[in-house]
Amino acid sequence: MAFANMFFRFLLLTLCVVLAGQVVHTKIIQGTIETFDNFYFLVRFCFSPNNGKASFKFNYRRENAGAGVPTYNSLLMYYDSPEQWQAAYKTSTSCLEKVDLLQEQGDTDQIAELRQTEEMYCQQENNTIPQINCSSNFENKEAVYEVGDPNIVTFHDGYIGFQNSRARWWYFAISNCVNPNGVSRMEYSVELTNGDTFWNRHVSADEIGILETECVFIILFLYLTMVATRIAVVLSSRQLYHTSFKIFLASVILQAVATIVTAAYRYLINDTGMENKPLEYVGKGARVVSETLFISLLILLSKGWTVVRGRLSTEGTMVLSASITFYFIAQLVALFWEACMFDPGQVLYEYESAPGYCVIACILLMWIWFCRCNLHTWQRYPEKNTFYFFFFIAYSIWFLAKPVIVLVAAFQLEHYYREKAVNIILNSNTFFAYSVFLVLTRPSAANKSFPFHVRTSQIGIESGVEVVDAGPAAKETLQDRSGMFQTSGPLTGNRGDAYAVGFTSVAYNTESAGLEMRGPSHI
């Protein structure tokens with residue numbers, strides 16, 4: 001189809017735009033704060049129950065609040081509760097009120113005034129969970145800004161240990177509520193870890209296990225790719241390798257590529273703590289194209305394309321092209337929104353945004369359209385009910401699975417668990433969908449639901465649209481090579497309309513092929 005080429009162009013555009021941005025982010029967070037705000041969100045991380053650790057370095061110039069009184073920046077640590085982070089971030093509370101949220105709850109250990117000292121900067125006052133273990137492992141280092149400047153405050157090799165009753169999100173912020181110039185300029189480096197093994201050291205607790213999952217699905221999707229390629233060869237030898245199966249094969253290959261790229265992105269995090277954002281979005285972009293192609297294929301097959309008809313009406317083609325294009329653009333907007341607009345201090349999940357909800361709404365609308373087309377084709381061509389029965393049941397499950405799991409994840413699953421849960425379920429759902437398609441289209445005599453009985457040698461081209469054209473080679477079936485097609489004069493179907501479109505009309509022996517071509521529909 002014409003819009004299929006457009007998808008790949010959009011993918012190339014997405015890749016180019018993303019690569020033009022920042023090349024590498026890192027779990028070893030480092031950079032420079034330059035702001036006049038008194039409260040600055042730094043980073044968030046989900047720590048495991050007993051292995052969480054934050055190592056840090058800070059370097060900044062202290063300033064006077066007036067009357068020669070020096071001011072110091074503070075490191076604030078909030079955990080994921082409505083009384084703490086949600087009450088502090090992006091609310092109308094002042095800087096002092098944000099700090100008071102920790103002091104009022106007796107969580108003074110979560111406030112670390114960044115003074116240059118070899119003494120402990122916080123005292124462990126209770127054994128409640130969550131709690132913080134403080135370190136005095138500081139070393140005075142040479143100032144970065146100006147050598148010998150007494151106002152330079154430098155920390156090096158300080159670390160904080162976190163103990164939680166469960167995996168818990170922690171949010172780090174820098175504050176200086178009394179300085180009229182705010183936090184001012186501050187250099188920082190923070191390394192966030194969960195244990196010391198390759199599989200969890202630099203991985204947020206909500207993502208531990210995703211790399212292993214991706215490795216499993218690489219094997220599964222590569223296996224599906226090999227099976228699909230084998231079936232494509234068999235179908236090609238029997239002149240049954242239609243464009244619909246080519247779209248399916250392209251979708252499977254892109255899904256395998258997306259899984260490999262995602263696994264590579266996860267591997268870099270596990271190995272070095274580095275987040276290569278372009279690599280992440282290349283994987284997501286490939287998955288978007290794969291999913292869009294597959295949805296296009298399902299809608300086309302639900303309309304009977306290459307199964308009971310060789311072309312769609314002009315109106316149907318235009319509606320399909322517009323709908324799929326809109327869905328694809330919605331997916332791209334969601335990707336760009338995640339890359340450029342997401343506030344990590346507020347959003348923990350890619351579908352917690354207006355574009356994310358729009359994508360879910362689009363999927364539900366596509367499913368409704370899919371149901372309508374299946375019902376119409378089912379009623380119009382009862383000879384194909386076996387195929388369309390399994391086709392409708394399997395892919396209704398596939399369509400609905402994503403919206404259901406997204407809604408459940410958003411409102412029922414805990415934040416520290418849903419990333420890995422959604423990853424496993426959505427990958428499994430995709431594997432299920434591809435596997436069912438291969439089962440339905442396997443070229444075996446025992447497969448009573450095999451959908452393709454129109455040979456590629458009987459497909460002509462008019463204005464770039466496939467139409468059925470009978471010829472001498474149409475005399476074969478999958479079971480035996482005799483008497484599947486009969487050529488005739490103008491064919492009158494149940495509605496009295498001929499299936500011609502400028503070519504010889506075709507009638508099918510319904511006993512051998514289980515198929516009768518009827519007039520083109522405008523669904």
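**View 1. Salt bridges across the predicted model.** The whole structure holds 13 salt bridges, each defined as a side-chain nitrogen of Lys or Arg within 4 Å of a carboxyl oxygen of Asp or Glu. This is a predicted model, in which local features need pLDDT of at least 70, side-chain atom pairs count only at pLDDT 80 or more, and totals for chains, interfaces and linings use all residues. Residues are numbered from 1 along each chain as its sequence is written, and side-chain values use heavy atoms, with hydrogens and water left out.

**View 2. Arg-168 with Asp-80.** Here the closest N and O atoms of the salt bridge are 3.1 Å apart. Arg-168 sits in strand S11 (residues 168–175) and Asp-80 in the loop between strand S7 (74–79) and helix H2 (85–88), so this pair ties together parts that are 88 residues apart in sequence. Helices (H or I, at least four residues) and strands (E, at least two) are DSSP runs, numbered from the N terminus. Both Arg-168 and Asp-80 are buried; buried means under 20% relative accessible area, exposed over 50%, and partly exposed in between (1.4 Å probe, protein chains only).

View 3. Glu-338 and Lys-284 form a salt bridge with their closest N and O atoms 2.5 Å apart. Glu-338 belongs to helix H7 and Lys-284 to helix H6, so the pair ties together parts that are 54 residues apart in sequence. Both residues are buried.

**View 4. Inside the largest nonpolar core.** A nonpolar core is a set of buried Ala, Val, Leu, Ile, Met, Phe, Trp, Tyr and Cys residues joined through side-chain atoms within 4.5 Å. Among the 66 residues of the largest one, Phe-248, Phe-294, Phe-391 and Tyr-395 touch the most other members. Helix H6 (277–302) is one of the elements giving two or more residues to this core, and H6 supplies its largest share, 11 residues. Leaving aside residues up to four places away in sequence, Phe-248 touches Ala-228, Phe-294, Leu-297, Tyr-434, Phe-437 and Leu-438, where contact means heavy atoms within 4.5 Å.

**View 5. A nonpolar patch on the surface.** Phe-389, Phe-390, Ile-393, Ile-397 and Phe-432 make up this patch, with about 450 Å² of accessible area together. Helix H9 (residues 385–411) gives the most to the patch, with 4 residues. Phe-389 is found in helix H9 and counts as partly exposed at 40% relative accessibility. Patches are made of residues with over 30% relative accessible area and no salt bridge, with like charges joined within 9 Å and nonpolar side chains (Val, Leu, Ile, Met, Phe, Trp, Tyr) within 5 Å. Accessible areas come from the Shrake-Rupley method with a 1.4 Å probe; for residues, only the protein chains shown count as cover.
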